[in-house]
Number of protein chains: 2
Amino acid sequence: MRVPVELVKSYRLLNHGPVTLISAASGGRENVMAAAWVMPLDFDPPRLAAVIAHGTYTRELVDASGEAVVCIPVRAQVELVKRVGSISGRAFDKLSEYGIATSPASVVKAPLIDGCAAWLECRVVREPHSEEAYDLFILEVAAAWANDAVYRDGRWSFPDDSWRTLHHVAGGGFFVTGDPVAG
Amino acid sequence: MRVPVELVKSYRLLNHGPVTLISAASGGRENVMAAAWVMPLDFDPPRLAAVIAHGTYTRELVDASGEAVVCIPVRAQVELVKRVGSISGRAFDKLSEYGIATSPASVVKAPLIDGCAAWLECRVVREPHSEEAYDLFILEVAAAWANDAVYRDGRWSFPDDSWRTLHHVAGGGFFVTGDPVAG
């Protein structure tokens with residue numbers, strides 16, 4: 001079940017460095033891409049930094065709408081992550097062609113990808129120089145959600161391997177999030 | 001043994017989102033802090049983005065020198081990571097007081113923390129607005145090294161749990177990097 005996460009604690013969803021899916025929508029079009037270069041930037045206001053490369057269709061939709069959703073996929077979705085990470089959505093509707101189920105977000109138009117561990121609905125804090133020079137976007141979290149199958153009371157708890165979050169190394173190679181360090 | 005890593009592939013050391021130790025040196029003073037908010041930013045030139053909070057002693061040394069080393073610690077060093085992450089080095093020489101062994105870097109003055117999995121010697125690409133507004137630094141990798149006990153031929157290979165890299169969740173809680181996803 002999707003449950004709300006307090007905004008000032010939403011960095012915890014991303015703090016361990018998992019790979020993400022970034023969705024965007026504008027003018028009735030929507031898309032999703034895989035993105036590993038995403039990290040928290042501040043607690044309050046809750047902000048993220050994300051690299052969204054120029055030339056991508058998602059970039060075009062983020063530029064046009066000023067919004068995005070950062071979704072955190074799990075082990076069971078690794079094929080989906082690879083698939084959406086290896087083709088452009090410009091001439092190919094990834095969401096419908098791949099049958100990717102989505103749900104409406106609460107405050108942005110970009111969709112939530114079903115089955116993920118968590119979702120961060122974001123608005124772009126415009127920084128034209130960083131966006132142009134580095135493809136680096138500042139995103140402010142406007143709403144945050146976690147899947148209570150895997151995140152409860154501010155803590156990750158992976159019920160089994162299929163629910164573990166993913167870490168991208170290179171070229172479609174991933175690690176799952178491992179065990180907590182005791183102590 | 002410390003072996004060089006090709007600069008354009010150095011993002012692979014950081015791509016899976018591990019926690020880091022950032023060391024800095026200036027005018028004969030040196031320090032190290034824990035930093036989870038570090039990510040690759042570009043392949044070529046090889047660049048990172050890192051949050052280095054204002055008011056920290058490391059920030060003062062990075063500002064003064066324009067250099068830093070991003071070190072990637074392993075499970076066996078988790079107490080060191082917690083320790084250097086919970087006290088300021090301004091009035092307390094963490095490296096000597098905690099007996100943290102270091103080695104000289106090759107192109108910057110900041111030290112390499114011994115026992116880590118990897119080290120990225122960096123120069124600051126000055127971006128005054130990002131640094132001031134977000135504590136966000138752009139770092140260009142000038143030299144990269146991996147410990148061949150754990151990273152060889154461009155790939156991570158953890159010989160045992162003590163060599164796994166770490167992912168910070170919150171409040172001194174960490175996951176280790178888990179197993180590779182097959183396929």
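A cavity here is a set of points, on a 1 Å grid over the protein atoms alone, where a 1.4 Å probe fits but cannot get out; lining residues have an atom within 4 Å of a point. Grid points are joined across faces, edges and corners, and a volume is the space filled by probe spheres set on the points.

This is a predicted model: local features need pLDDT of at least 70, side-chain atom pairs count only at pLDDT 80 or more, and totals for chains, interfaces and linings use all residues. Residues are numbered from 1 along each chain as its sequence is written, chains are lettered from A in the order in which they are written, and side-chain values use heavy atoms, with hydrogens and water left out.

**Stop 1: the two chains**

Show chains A and B together. The same surface serves both copies, as 100% of the contact residues of chain A recur in chain B. Contact means heavy atoms within 4.5 Å.

**Stop 2: the largest cavity**

Searching the whole structure gives two cavities of 30 Å³ or more. Select A:Gly17, A:Val38, B:Gly17, B:Val38 and B:Met39, which lie nearest the centre of the largest cavity among its 18 lining residues. The largest cavity holds about 100 Å³ of space. Now colour β4 (38–42) in chain A and β4 (38–42) in chain B: each supplies at least two residues of this lining. Helices (H or I, at least four residues) and strands (E, at least two) are DSSP runs, numbered from the N terminus.

Which classes of residue line the largest cavity? Twelve are nonpolar, six are polar and none is charged. Ala, Val, Leu, Ile, Met, Phe, Trp, Tyr, Cys and Pro count as nonpolar, Asp, Glu, Lys and Arg as charged, and the others, Gly among them, as polar.

**Stop 3: the second largest cavity**

Go to chain B. Select B:Leu7, B:Val8, B:Ser10, B:Tyr11, B:Asp42, B:Phe43, B:Pro46, B:Arg47, B:Leu48 and B:Val141, the lining of the second largest cavity. About 40 Å³ of space lies there. Its lining has seven nonpolar, one polar and two charged residues.

**Stop 4: cis prolines**

Most peptide bonds are trans, and most residues other than glycine have a negative phi. Select A:Asp44 and A:Pro45: a cis peptide bond joins them, with omega about 5°. A:Pro45 sits in the loop between β4 and β5 (47–51) of chain A. Switch to chain B. The bond from B:Asp44 to B:Pro45 is cis, with omega near 5°, and B:Pro45 lies in the loop between β4 and β5 (47–51) of chain B.

**Stop 5: positive phi**

Select A:Asp153, in the loop between β11 (151–152) and β12 (155–156) of chain A. Its phi is near 50°, a positive value in a residue other than glycine. Is A:Asp153 buried or exposed? A:Asp153 is exposed, at 78% relative accessibility. Buried means under 20% relative accessible area, exposed over 50%, and partly exposed in between (1.4 Å probe, protein chains only).

Next, pick B:Asp135, in the loop between α4 and β10 of chain B. B:Asp135 has a positive phi of about 60° although it is not a glycine. B:Asp135 is buried, with a relative accessible area of 11%.

**Stop 6: helix α1 of chain B**

Select residues 57–65 of chain B, helix α1; its buried residues are B:Tyr57, B:Thr58, B:Arg59, B:Leu61 and B:Val62. They pack against elements of chain B including β2 (20–26), β3 (29–35) and β10 (136–147). Just after α1(B), B:Gly66 takes a positive phi of about 70°.

**Stop 7: A:Pro73**

A:Pro73 is in the loop between β6 (67–72) and α2 (78–84) of chain A. It counts as buried, at 0% relative accessibility. Show its contacts beyond four places in sequence, among them A:Val19, A:Leu21, A:Cys116 and A:Leu166.

**Stop 8: cysteines**

A:Cys122 is buried at 0% relative accessible area. Finish in chain B, where the sulfur of B:Cys122 is 9.6 Å from that of B:Cys71, too far for a bond.

Definitions and conventions
On a 1 Å grid over the protein atoms alone, a cavity is a set of points where a 1.4 Å probe fits but cannot get out, and a pocket is an open set with protein on both sides within 12 Å along at least five of seven lines; lining residues have an atom within 4 Å of a point. A disulfide is a pair of cysteine sulfur atoms within 2.5 Å.
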